[in-house]
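Trainee: I have a new structure to look at, and I would like to learn how to read it. Could you take me through it step by step?

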Amino acid sequence: MSIIDWFIVAVYAMIVIGIGIAASRKQNNTDEYFRGSRKLPWWAIGFSIIATSFSAASLLGGPGEGYKNGFLYLQLQFGDLIGYGLVVLVFLPLFVGLNLTTAYEYLEKRFDAKTRSLGSLCFLLFVIARLGGLLYAASQVVATITGIPLSVAILIVGIISIVYTVAGGISAVVWTDVLQFAMIFVGISAGIWAATSAIPGGFGELWRVAGEQGRLAVVNLSWEPESIRSLPTALIAYGILAFGVAGTNQQSVQRYLSCADVSSARKAIFLGWFSGFIGVAATLLLGVILFGFYSLNQALPQDIKPDEILSYFIVNQVPPGASGFLIAAIFAAAMSSIDSALHSLATCMTVDFYDRYTKSENSESHSLKVAQGLIILWGILGIFSAFYVASTGKSLLPFLVTYTTMFLGPLLGIFLMGVLVPRINANGAFYGTVLAVILIVVGSENQWFSFPGIWRSAITAPVAVILGLVISLFGSKPPERSLQGLTFWNYQSDLQQINRPGIEDHK
């Protein structure tokens with residue numbers, strides 16, 4: 001890296017920390033810290049929704065995918081649209097109308113405290129496992145490109161993410177996400193400029209070469225259940241997975257809950273999808289351009305992995321200045337996922353466990369300090385987890401894919417039970433979900449499940465619902481107070497009755 005590259009990265013890091021410090025001046029209560037007092041503009045929340053899912057692996061994997069398979073990966077965005085659409089139709093009015101802080105508060109209103117804790121625990125286990133992987137993957141890339149030791153890269157990425165997340169709460173996370181998403185596009189643009197300016201004929205020539213080699217196809221209509229590049233799989237399997245991620249994952253739901261009303265949340269969701277569509281298309285386009293570039297130059301090593309192509313390009317072909325923006329974009333993609341994971345962890349642990357189960361009445365300032373302390377704690381644990389992964393050299397990807405579907409499928413099942421099936425009672429929801437998780441774990445170990453992993457959520461969510469209903473049929477019907485304004489079928493008429501006494505409001 002040249003001096004100008006280091007300068008660009010340093011300025012970007014200082015701006016991010018500055019946003020956190022500026023936002024910290026407003027942090028007087030937990031409502032501001034967890035939800036921005038529901039005063040954040042919907043468009044900023046929309047960009048934050050997609051920035052959260054754009055990790056460093058996404059920024060590197062997108063060009064690698066585009067290089068190898070062209071634009072076929074873009075089909076998953078249509079599955080995302082189905083998932084977001086279902087969230088808007090089924091969950092959104094309830095979540096925003098109930099004035100929640102976490103998605104799992106709904107489970108206590110609809111069922112009971114143990115079901116709320118189970119739902120929150122499923123989410124926490126998913127994020128805790130993912131956090132170390134996110135930090136390690138981001139740091140490994142930064143170390144490769146900059147030449148600094150991996151241990152130093154882990155500390156830099158981890159500490160910067162912790163500092164501004166602790167300082168500014170959700171406001172800092174959202175506004176830095178907006179900046180980070182913009183920086184991602186700046187970095188992608190710098191990469192495309194570097195490739196096209198180095199070839200006679202520029203963009204048109206690279207596009208022509210990619211087209212001749214079949215890299216411009218967008219849709220694959222064939223039925224291939226094991227392939228994410230098949231449109232039916234993208235629409236059905238990935239669509240339901242996206243429904244679970246967007247509808248039950250606190251990292252996403254916390255954005256909707258920070259909107260002023262249902263209309264603003266709806267606009268934020270669809271802006272998030274559209275900006276995600278553009279973002280994925282841009283990363284794939286960079287990969288297609290790099291395919292044309294290296295097809296003409298014949299300079300790419302034969303044994304290079306797809307995810308390593310962008311890093312190789314930055315180190316060997318990108319001029320000073322442009323490489324600084326690309327590296328800053330990788331920093332941005334890394335931190336936009338890590339900050340969201342840290343903040344959502346702290347929110348759930350504070351609201352769903354600490355405030356819910358401590359007997360003493362906690363003041364706003366005390367709960368705020370607990371949340372900030374939890375961010376620091378989990379940030380440090382994430383750093384140690386990244387160090388451990390670095391020392392073993394083992395790949396986390398297969399484990400993380402399994403872990404994600406293991407908990408998101410049953411978690412989606414709990415919410416579907418509550419919203420769509422009024423006959424399911426608290427015991428049915430709780431034990432049906434526990435049985436579903438056990439079936440997944442045991443079935444995976446004994447290879448009972450022969451379907452591809454991407455279909456796991458699409459299958460386990462309805463299995464959890466069926467188990468919950470069967471168990472509920474042997475018990476009593478849910479009391480009327482647990483249904484009024486809390487199911488898809490009656491919340492519009494009963495919304496005025498939802499704020500019942502008995503559950504602390506954490507506002």
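Mentor: Let's start with surface: accessible areas come from the Shrake-Rupley method with a 1.4 Å probe, and for residues, only the protein chains shown count as cover. Here the protein chain exposes about 19800 Å², and carbon and sulfur atoms supply 65% of that area. Please keep in mind that this is a predicted model, where local features need pLDDT of at least 70, side-chain atom pairs count only at pLDDT 80 or more, and totals for chains, interfaces and linings use all residues. Residues are numbered from 1 along each chain as its sequence is written, and side-chain values use heavy atoms, with hydrogens and water left out.

Trainee: How many helices and strands are there in the protein chain?

Mentor: Helices (H or I, at least four residues) and strands (E, at least two) are DSSP runs, numbered from the N terminus. This protein chain has 20 helices and 0 strands.

Trainee: How do I read a pair of packed helices?

Mentor: Two packed helices are described by the angle between their axes and the distance between the axes. Axes are lines fitted to C-alpha atoms, for helices over the stretch in contact, and angles run from 0 to 180 degrees between N-to-C directions. Take helix α3 (residues 42-53) and helix α12 (residues 250-257): their axes come within 10 Å and cross at roughly 175 degrees. That makes α3 roughly antiparallel to α12, a label for angles over 145 degrees.

Trainee: Which residues in α3 and α12 meet?

Mentor: Contact means heavy atoms within 4.5 Å. Ile45, Ser48, Ile49 and Thr52 in α3 meet Gln251, Arg255 and Tyr256 in α12.

Trainee: Is Thr433 buried or exposed?

Mentor: Buried means under 20% relative accessible area, exposed over 50%, partly exposed in between (1.4 Å probe, protein chains only). Thr433 lies in helix α18 (residues 426-445) and is buried, because its relative accessible area is 1%. Not counting residues up to four places away in sequence, Thr433 touches Leu118, Pro410, Ile414, Met417 and Gly428.

Trainee: Where is Leu483 found?

Mentor: Leu483 sits in the loop between α19 (456-473) and α20 (491-494). With a relative accessible area of 12%, Leu483 is buried. Leaving aside neighbours within four places in sequence, Leu483 is in contact with Arg110, Pro422, Pro478 and Asn490. Leu483 and Pro422 are 61 residues apart in sequence, yet 6.8 Å apart in space, C-alpha to C-alpha.

Definitions and conventions. Parallel < 35°, antiparallel > 145°, perpendicular 65-115°, else oblique.
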